[in-house]
Amino acid sequence: MGNVLSIILQRLALGLLTLLIVSIVIFVAVNMLPGDFAELILGQGATPEAVKSIREDLGLDQSLVSRYFGWLGGMLTGDLGTSFAQLNFQTNMGGGAGKTVAQQIAPRFANTMFLAMVTAAIAVPVAVTLGILAALYRNTIFDRAANIFTLSSISSPEFFMAYVLILFLAVLNPILPSLSNIYDGMAFSDRLNKSLLPALTLTLVVTAHMMRMTRAAIINLLASPYIEMARLKGMSPMRVIVKHALPNALAPIINVVALNLAYLITGVVVVEVVFVYPGIGQLFVDSVKIRDIPVVQACCLIFAAAYILLNLTADIMSILSNPRLRHPK
Amino acid sequence: MSFVINTIICLAVIAGAAWAFRRLGQYGTANAPQYRDMPFGVAFGYVLALVVLVWLALAYVASLSSDTAVANKFFFLGVAINGFILFSIAAWLFRMFGCHVGTQRTRKLFRAMPLTASFGVMIILIYAILAIFAPVIAPYGQDEILQGVAANIIPGGDPALGGDPAFPLGTDQIGRDIMSRLIYGAQNTVGIAFATTLLAFFIGGSLGFLAAVVGGWTDQVLSRGVDVLMAIPSLIFALLLMTIASVWSARLGIPLTVFMVLIIAVIDSTRVFRLARAVGQNIVVMDYIEAAKLRGEGMWYLVFREILPNATAPLLAEFGLRFCFVFLTIAALSFLGVGIQPPLADWGTMVRDSAAFINYAQFAPKAALTPLLAAGAIALLTVAVNFVVDWMLHRSSGLKE
Amino acid sequence: MTDTLLEICGLKLEGRFDEKWNPIINGVDLTLKKGEVLGLIGESGAGKSTLGLAAMGFCRDGVRISAGTVKFDGIDLLTASAAVKRGLLGKRIAYVAQSAAASFNPAHRIIDQHVEGPTQHGVMSRAESEADGMALYEKLRLPDPEQIGFRYPHQVSGGQLQRAMTAMAMACRPDLIIFDEPTTALDVTTQIEVLASIRDIVKDFNTAAIYITHDLAGVAQMADRIKVLLKGDEVETADTRTMLSHPTQEYTKSLWAVRSFERPLKSPVVAGAVPVVSVQNIDAAYGKAKVLHDVSFDMYEGRTVAVVGESGSGKSTVARCITGLLPPMTGQISFGGEVMPADYRKRTKDQLRQVQMIYQMADTALNPRMSIGEIIARPVQFYLGLTGKAKRARVDALLEQIELEPFEYYDRLPSELSGGQKQRIGIARALAAEPKFIICDEVTSALDQLVAEGILRLLAKLQDELKLSYMFITHDLATVRAIADEVVVMKDGRVVEAGPKKEMFTPPHHPYTDLLLSSVPEMDPDWLTNLLQERGVDNIGDAAVGKM
């Protein structure tokens, strides 16, 4: 067991290191902006005093390295800074402290997590079941139809899927609402109802990926000699699957699931925009458009962290389910 | 709630029918093996497929109904079914054509081709022609605002609905011909995506082979760098870099599209690097490479004469997949408003601009076609490329056995 | 009730490749009596494994039975329902696969997989079956039979797994076992203990068996009757002793004859002659793992040195040191009396030219995207600077030298050639450099016996014509006997014994050489029995190696 533990610790350390380097990459990328943040915030016609005050507020008079550590420290303690939009508002209009980035992001982050979880709850069981079925009945009509369907849905842009679903499930047959105006203190069932259409869109895209990968993993597995051996020992098809294939399929399936949840992160951005879902993805896109650097930076780091975490989970799960590592020689 | 209950009842009825179907099969064929050993799931699948087909047929009939309320409701299904049948026939004819025209090799290729792949090849050819000859084919310019033409997004050019036969797909809110913009979209969106993929392949491919052949420190540094870049979700990273690029583009006066091509190419080249390195490494361990090294051959000979010719098949398939990915990323960026910039016509932007018309589908189904046309144009090409790539991969994996 | 157990009539099998169904087996008949062992012999691609599975009523994906019947104890396996077949498989018909390591499920312990058959078929309870499993392990001479079952497959060695799989096949005391090349993946010394334990247990339980193999000597020990297959057709069937002593068909005769090729002995090396290549006190390591310890030997003009050893003995590493791919830690390689740089990148073009190599797997040794002509022409142009017509003439001459028609083969791709032809192209490419010294790394082990024999004869002829010296790396002592002048025996990275071939094949030997020599199966049905008596039952395999 000690062996496995040390491998997992190693992976965790590697994940942390990656995250650290990613934070540097993001920070450096943002600092490649020409000129000065202060000008960016206030526009060309700003008064020198206003520029100066913003510069001091942002600590732009310090060196790059000390700014990085300041930013990183802030990130770790939950202080994500103040958005340019808010800062601009304060500086030009006077008035008290507005919302910080953390205050802006927190509720939206929760919303996005909710959407991701609803999607996962639908997509994972459906995709894994269909993937296993497609592998079992491979090269049948069912498998070919599933192949064409999944290929098409992978190939379609998310917004196409979203509009097709809106068309059929919201406009032509008014079953679900097409706008996801979610707010605090909403009843759970209402919230679910409003998130269902974006969740279904994401499900369609993610399911297709997950199903194809599950199918490939299972087919790979079913081709192994020990499955043939189990069949030649006269075991029933059910027993071959449950007893012989499944314990070995667990690692690849977990891997597939985690990888696709990571993929969800990208999909969430477009889908949130289509459905006007108040999640972190929409905030991110809005901030990109108005070049609100602190928000973009923070969102980017959160997305990257989630992505790395999911990949790390996949990695560790597959280590844990490998009998060669669990029972060393 | 009633929707859920209905679904459950339907499934239960189908399950019962499946059981009956298998029983009848066994009884009718005197226990022939195909019914005797049929798992319940397979029987269920047959009945389910039958139910779906019958429903589609009924929906198709309903879409032709004279009652506009009913016809409107099934209009899109009707369009989809018509499209499916039309494309299937076209693909079949195209394959027939390919089987009888051309060199010995292409004929043989077409004969072994499944219908999905020939559909893909056909669509890719059509898009290529549209993209190359867009200025010749398109009746109007992509940013030409037609004076004195009422905006009418309803396709069909039916004067009864306020349309004009000169604009078969209608005109957009500010009076530009939608068909011309769709055709120019092929040139802009596809062309830019193609150029980006080429650039990504050039960067990723050359670095990947370099890492595979040289190994050691070069390989370590390049691979770790790529690991870090790949730890950031690509669309997110692209959006971040586009934010910064937009400032630079304003300052330097270079179009944002140029930055976009560079940014996406670099991000995507990481995936190409991984594949090229893996393929390269598989080839480098071959004995014929060892033989060439021991002969004293130089690096240039090794890469271009020994390695590259053996890497073309997997790289070509990857090129198709990467093209789809780049194409979708660019479409997504444009849809979000930070990709290809006006006045260039492009499909992602067109979807965004006309998305609101979807909500009129109930009363004026044709109005909702406009955003779907552009989105569908994107989907159609990626589906086509994916079908071809799927077939290529299938073929190359089949040859190994 | 007759005593016929299995009856196959006019069985035809087809496989799906190149997008169509192609025949694999074209109508084979086979009958097997209770308790009889039938050996099924054929070269690779003869369709024997497919036939073995079809005897169980089983087809892999992409294979189908197009005609014929398979009757097991009166039950037609091809028309029986899936449930009836499941009742027979594992219980009355069992299977032992070629690679035990891949055929055991890595997620379960060995004993759990062992008891699965008996408990699921309702033959025994779990406790009974476990006890029976341990008894079988003991009978098959597995070490620590009480405990070994509680390990996971990856914790047990290949030879032991193969025996555990035989035990698993025996678990329900079936009437018939299909053995599909059970010893092919094992080392020589392990091979014979597995062979012996399989033979004993089949005899003890009076189980009928079909023993599929390409190893003639092995099957001679096992089978009562032998059936020879060639490209999906039966060549002949006969009682083992009759088959060995009086084969009737030309093909069978030629199979037997392979073993008779042996080159005449050469006179000893002239004292004081300068060796072509001399390996002097080499130590080498991969990273931290040291794989060669103080290896020295000399190779002389026009002679063949065979380097013999099992996998992991370091024989291929010596070749890598000589070619300069793996510079040794200490020691040196000299060529014609001059010390060569250790790293191939530091050698001159001429030094590289003098040492050529022929590889084991011709498939990976030839660039699949180059034509035969290009492959051979490259060293001609690279080393000798020939171009145009002179180059073409030289390539044609080389093709003639390796007995291939130049006009026919010049433009072909490697994939259009057979295994033996590809190996000949490998030889031509080595010859094109006009070297003095060629390393042959297991050049015949991937080939069928007849083809391998052709390659050996060609190499011998070329040596006489061109005064080449060979370093012949092999694990097969029959090849050594055929072609070597001097022999170097290696074990665990050390030279155990070295000397002229005549000395090597006459006692007294180093104990390891002895073990190697005696483990080579002979074409005598009594060989294994005699050997076991000679060694004493406990003294085979693991035990014998462990004592040294």
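Here are some friendly notes on this predicted model, taken point by point.

1. **Ground rules.** In this predicted model, local features need pLDDT of at least 70 and side-chain atom pairs count only at pLDDT 80 or more, while totals for chains, interfaces and linings use all residues. Residues are numbered from 1 along each chain as its sequence is written, chains are lettered from A and ligands numbered from 1 in the order in which they are written, and side-chain values use heavy atoms, with hydrogens and water left out.

2. **Chain B overall.** Chain B has 15 helices and zero strands; both are DSSP runs numbered from the N terminus, helices being H or I with at least four residues and strands E with at least two. Its C-alpha trace spans about 80 × 75 × 50 Å along the principal axes. Of the 401 residues in chain B, 47% count as buried, where buried means under 20% relative accessible area, exposed over 50%, and partly exposed in between (1.4 Å probe, protein chains only). Chain B exposes about 19,500 Å², and carbon and sulfur atoms supply 71% of that; accessible areas come from the Shrake-Rupley method with a 1.4 Å probe, and for residues only the protein chains shown count as cover. Of the contacts in chain B with a separation of 6 or more, 65% involve residues 24 or more positions apart (contact means heavy atoms within 4.5 Å).

3. **The interface of chain B and chain A.** Here 50 residues of chain B are in contact with 52 residues of chain A. The area buried between the two chains is about 4,500 Å², with 80% from carbon and sulfur atoms. B:I236, B:L240 and B:L336 supply 12% of the area that chain B buries against chain A, more than any other three residues. Buried area is the accessible area (1.4 Å probe) that two parts lose on being put together, summed over both.

4. The rule finds one salt bridge across the interface of chain B and chain A, a salt bridge being a side-chain nitrogen of Lys or Arg within 4 Å of a carboxyl oxygen of Asp or Glu. B:D390 forms a salt bridge with A:R212, their closest N and O atoms being 3.4 Å apart. On the side of chain B that touches chain A, α10(B) gives the most, with 12 residues. By class, that side has 36 nonpolar, 10 polar and four charged residues. For these classes, Ala, Val, Leu, Ile, Met, Phe, Trp, Tyr, Cys and Pro count as nonpolar, Asp, Glu, Lys and Arg as charged, and the others, Gly among them, as polar.

5. **The interface of chain C and chain B.** This contact takes 26 residues from chain C and 18 residues from chain B. Chain C and chain B bury about 2,000 Å² between them, 54% of it on carbon and sulfur atoms. C:Y359, C:T364 and C:R378 supply 24% of the area that chain C buries against chain B, more than any other three residues. There are three salt bridges between these chains; B:R305 and C:E374 meet in a salt bridge through their side chains (3.2 Å, N to O). The largest share of the side of chain C that touches chain B, five residues, comes from α14(C). That side divides into 15 nonpolar, five polar and six charged residues.

6. **Salt bridges within chain C.** Over all chains the count comes to 41 salt bridges. C:D204 forms one with C:K139, the closest N and O atoms being 2.7 Å apart. This pair links distant parts of the chain, with C:D204 in helix α7 (residues 188-204) and C:K139 in helix α5 (residues 126-139), 65 residues apart. C:D204 counts as partly exposed at 49% relative accessibility, and C:K139 counts as partly exposed at 38%. C:R345 forms a salt bridge with C:D343 at 3.4 Å between the closest N and O atoms; C:R345 is exposed at 64%, whereas C:D343 counts as buried at 16%. C:R109, C:D112, C:R126 and C:E130 are linked in a network of salt bridges.

7. **A buried alanine in chain A.** A:A258 lies in helix α11 (residues 237-274) and is buried, with a relative accessible area of 7%. Leaving aside neighbours within four places in sequence, A:A258 is in contact with A:L310 and A:A314. The C-alpha atoms of A:A258 and A:L310 are separated by 5.7 Å, although the residues are 52 apart along the chain.
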